[in-house]
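Here is a guided walk through one protein model. Keep the sequence and the 3D view side by side as you read.

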Amino acid sequence: MNKLFADLENQIKSFSENTISSERKEMLQPLIDYIQSKIEANQVVKLNFICTHNSRRSHLSQIWAQTMAFYFGINNVQCFSGGTEATALFPKVAETLSKQGFSVGALSAEANPVYSIKFSDNEHPVIGFSKVFDAEFNPKSGFAAIMTCSQADEGCPFIAGAEKRFPIRYDDPKVYDNTNLQTEKYSERSIEIATEMKYVFSQIKKYYVS
């Protein structure tokens, strides 16, 4: 397996697919099949995780999916995120990822700050900031749209350029903002997403075309 930061790798090893219900595994299977078909066709896998504000769940999903692809040595996977509107990556998300083993740095301090989120010394960081799903930073065609919240899924019946669409929804940790449960619930949501992304990429069989 590829080299991650030690603390992050230890976190990942602790995530067990036994915590994922059979119903959730059934929901994740079409995404697994999509990724597998791309790998077998020797095509780039482009995954765009979409939520309403691109501030919490979509970023966590993007970052953990990119990390798990690297962890399992699945090449040619490019993960993105976007919203139906742009706001800002919520600071608690960056804090949570930092505590879970990522190297997180602020590249700008404006209203919509830009973060560098690294999972390995020698790999490019994930660049985290809030953007709409069809922003210039994101792919325009040949990608899978993964809808991580019900509002975006129901509010966007059509995602231009998406060749597949997968509703994989997560509860919003935002409901715990400014409560004494905030830190715990953001960590729980991050671990839930990480565990499911670990399961997805653990199911992919690698093919190499000479």
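Predicted model: local features only at pLDDT ≥ 70, side-chain atom pairs only at ≥ 80, totals over all residues.

Residues are numbered from 1 along each chain as its sequence is written, and side-chain values use heavy atoms, with hydrogens and water left out.

Start with helix α2, residues 22-40. Helices (H or I, at least four residues) and strands (E, at least two) are DSSP runs, numbered from the N terminus. α2 has 19 residues and reaches 26 Å from first C-alpha to last, close to the expected 27 Å. The expected span is 1.5 Å times one less than the number of residues. α2 bends by about 35° at L28, and the proline P30 follows within four residues. That bend is the angle between axes fitted to the seven residues ending at a residue and the seven starting there.

L28 is also one of the buried residues of α2; among the others are R24, Y34, I35 and K38. Buried means under 20% relative accessible area, using a 1.4 Å probe and protein chains only. The buried residues of α2 pack against β1 (45-51), β6 (143-147), β7 (162-167) and α6 (182-202). Just after α2, N42 takes a positive phi of about 60°.

Now move to α3, residues 57-71. α3 has 15 residues and reaches 21 Å, close to the 21 Å expected. Of its 15 residues, 15 are buried. G73 follows α3, with a positive phi near 70°.

Where do these helices lead? In soluble globular proteins, nonpolar side chains tend to be buried together. A nonpolar core is a set of buried Ala, Val, Leu, Ile, Met, Phe, Trp, Tyr and Cys residues joined through side-chain atoms within 4.5 Å. The largest one here has 49 residues, and those with the most contacts inside it are I35, L47, W64, M197 and F201. α3 gives the most to this core, with 8 residues. Apart from it lies another core, of 6 residues, including I50, F133, F143 and I159.

Finally, look at the open sheet of 3 strands, in the order β3-β4-β5, with antiparallel pairing. Strands pair if DSSP finds at least two bridges between them. β3 (103-106) and β5 (126-128) each have a single partner strand, so one side of each is left without a neighbour in the sheet. Between β4 (residues 115-118) and β5 there are 3 bridges. S116 stands opposite I127 in β5.

Conventions:
Buried < 20%, exposed > 50% of the residue type's maximum accessible area, 1.4 Å probe, protein only. Contact = heavy atoms within 4.5 Å.
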